[in-house]
Amino acid sequence: MELMATIRIALRAIARNKLRSCLTSLGIIIGVGAVIAMVALGQGAQHQVQQQIAAMGSNVLFVGSGTMNRGGVRLGWGNTKTLVYDDVAAIRRECPAVSMVAAGTGTSAQIVFGNDNWYTRITGTEPEYLDIRAWPLDEGTNFTQDDVQTAANVAVIGDTVRKNLFPAADPVGQTVRINSLPFRVIGVLSVKGSSVAMGNDQDDVILMPYTTVQKKMNGTQWLAYAMVSAQSKEASFAAQGQIEGVLRDRHRIRQPQDDDFFVRNMADVADLYDQQTTVMTLLLASIASVSLIVGGIGIMNIMLVSVTERTREIGIRMAIGATEDDVQRQFLTEAVVLSVMGGAIGIVSGLALSFLIPRVLGWPVSISTTAILIAVLFSIAVGVFFGYYPARKAARLNPIEALRYE
Amino acid sequence: MATMTSTPPVAFSEKETAVPIRVEDVHKYYELGDTRVHALRGISVEIAHGEFVAVMGASGSGKSTFMNILGCLDGPSSGKYLLEGTDVSLLNKRELAAIRNRKIGFVFQGFNLLSRTTALENAELPAIYARISEQERISRAKEALAMVGLADRAEHFPSQLSGGQQQRVAIARALVNRPAILLADEPTGNLDSRTSVEVMEIFQKLNEERGLTIVLVTHEHDIAQFAKRSIVFRDGKIRKDEAIVNRQLASEVLRTLPALED
Ligand SMILES: Nc1ncnc2c1ncn2[C@@H]1O[C@H](COP(=O)(O)OP(=O)(O)O)[C@@H](O)[C@H]1O
Ligand SMILES: [Mg+2]
């Protein structure tokens with residue numbers, strides 16, 4: 001029996017029971033639709049992370065004090081008291097691949113302005129910090145190296161802090177109190193938004209000279225980290241090597257010893273998040289594909305019912321010369337046509353969903369043609385796999401018994 | 001897709017002269033739990049080219065069992081069935097399907113048409129399994145429908161046709177692949193007497209004009225009179241095998257019957 005005739009017979013059998021066919025295909029429709037939408041969602045997240053990392057500067061390096069891994073135990077960073085400003089100065093001086101360095105130390109404190117107060121992160125750093133992070137000011141000015149020298153009580157505030165402490169007033173020139181010390185607000189940062197790589201709300205921050213934080217708040221000589229920018233993206237790996245060399249030298253660390261610092265390259269961070277979002281995408285897709293399998297079982301179920309209902313038809317076809325192969329092909333085609341129709345509708349609904357998600361939920365999506373292709377192949381495979389047994393069952397019927405079936 | 005046209009399962013052409021049907025000491029048992037039903041107890045018969053045989057006998061005497069074996073729908077428990085000289089027991093399922101498809105036309109008591117499928121498509125069906133091109137299929141199916149007088153009902157569904165018309169569609173279907181043998185198991189069993197005679201008229205015409213070998217089961221004596229030879233079954237054995245002496249012509253009988261609205 002030629003393919004067109006087989007497909008026509010299958011389509012007619014499917015059209016005979018429209019509602020049932022639709023309900024049968026529903027599992028595949030939902031499965032394919034869900035796979036496409038979920039993969040679009042996962043890839044959307046991936047692209048967003050990549051963009052954020054790119055926006056942060058792919059030539060940025062982060063030097064943290066302490067270690068992520070000591071003696072097999074994972075430690076938090078910033079808890080060893082070994083990174084000092086001389087290290088930062090040495091990096092600035094001795095690493096040719098490095099273009100800018102800014103010391104960094106942090107704390108958290110209550111900021112008071114008038115009757116309002118706000119608890120936020122304080123980043124003590126150097127003026128280059130904003131250049132390294134490519135973070136412009138909205139208003140006012142940055143603090144200067146002079147302010148660092150004198151440990152001046154000046155602050156540059158993030159947008160979230162401004163919103164909470166200065167809902168109406170112009171913050172520049174105002175005085176806020178931090179740990180009951182007066183600080184002059186000299187600048188307001190532009191909105192940075194949230195970033196997976198740099199913590200949730202990057203705008204919930206106050207910047208000031210690191211010396212001010214060391215002397216007037218923490219009372220320490222230590223730094224938690226240094227922000228570095230390499231000469232270029234390509235130079236960032238060279239910069240990493242140079243920084244590691246300089247710090248090991250200064251901290252007298254020999255080979256078998258663990259470093260008391262770590263250098264994180266944004267290219268590494270990008271890879272890390274890439275891996276994480278890929279895992280998330282695969283997870284979403286595999287959950288969605290469970291419904292494809294459930295859909296396949298639905299098809300198998302209906303095909304089995306259909307074989308029983310049409311026992312007599314099968315008997316007639318065999319009596320007039322259909323071979324087992326003919327009968328098997330007929331029912332297999334029917335199952336595949338059902339699943340492929342479901343797949344086609346599933347693609348449309350998956351695309352519709354991918355179109356709606358960013359508009360309704362505000363989540364980014366990125367439609368993947370590979371996912372669509374795989375979904376189509378998968379739905380054909382589901383039809384063949386779950387249609388095979390019922391088709392086999394039909395083909396194995398004894399023609400005389402099938403003809404006698406009421 | 002495997003096509004069967006390229007390799008005929010049996011070299012029929014060499015056996016043109018072979019006897020269409022030769023049955024030698026055929027037995028058939030059915031196992032029903034502990035009991036064994038002995039449906040055929042040693043049937044031997046030969047049916048020559050162009051014969052028109054009526055198989056008669058009481059219900060349960062083994063007529064349908066015999067016909068199913070002739071039609072290659074079932075095999076004998078013992079004994080031999082030679083179809084045009086070929087021992088059918090040596091053929092595989094695929095070859096048997098090809099014989100049902102091309103060598104034999106089968107007509108059932110209950111018509112066995114596909115519902116929600118037009119008369120034309122029903123008649124076309126065996127040609128689909130014979131891998132005949134669509135164009136050729138349709139022209140053959142139309143021709144077959146015309147032969148049974150249903151040219152104008154091609155697009156009707158079985159539910160829109162009378163019993164006699166449905167049986168004629170079934171006959172057209174049996175003819176579409178131009179078989180040499182037509183087997184009919186109580187084809188008039190569900191029909192009133194006038195319609196029955198109309199069906200017999202078609203059979204006689206096919207037998208006379210096309211030389212089709214026909215084996216027909218009936219328990220009605222009147223119907224058997226349209227055949228040329230009668231074989232009577234009793235308890236799985238042949239009781240009587242004789243020529244019909246007072247052969248009736250259906251076309252003449254029809255003239256004597258009152259016409260009905262069709
Ligand atoms: N599939 C079967 N299983 C068991 N017994 C059967 C089967 N088919 C027929 N028989 C038995 O075989 C005998 C002959 O049946 P059948 O050939 O149908 O007779 P007829 O057609 O002459 O009425 C009956 O006793 C019937 O009950
Ligand atoms: Mg019978």
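Predicted model: local features only at pLDDT ≥ 70, side-chain atom pairs only at ≥ 80, totals over all residues.
1. A polar contact here is a pair of N or O atoms within 3.5 Å; within protein, one must be able to donate a hydrogen and the other to accept it, and residues adjacent in sequence count only if both atoms are side-chain atoms.

2. Residues are numbered from 1 along each chain as its sequence is written, chains are lettered from A and ligands numbered from 1 in the order in which they are written, and side-chain values use heavy atoms, without hydrogens and water.

3. One of its oxygen atoms is 3.1 Å from a backbone N or O atom of Gly62(B), and an oxygen atom of ligand 1 is 2.9 Å from a polar backbone atom of Lys63(B). The protein buries 70% of the 550 Å² that ligand 1 exposes when taken alone (Shrake-Rupley areas, 1.4 Å probe).

4. Around ligand 1 there are 13 residues (a heavy atom within 4 Å). Among the closest are Arg404(A), Gly60(B) and Thr65(B). The site is shared between chains, because residues from both A and B surround ligand 1.

5. Which element gives the largest share of the shell around ligand 1? That is α1(B), with 3 residues (helices are DSSP runs of H or I, at least four residues; strands are runs of E, at least two).
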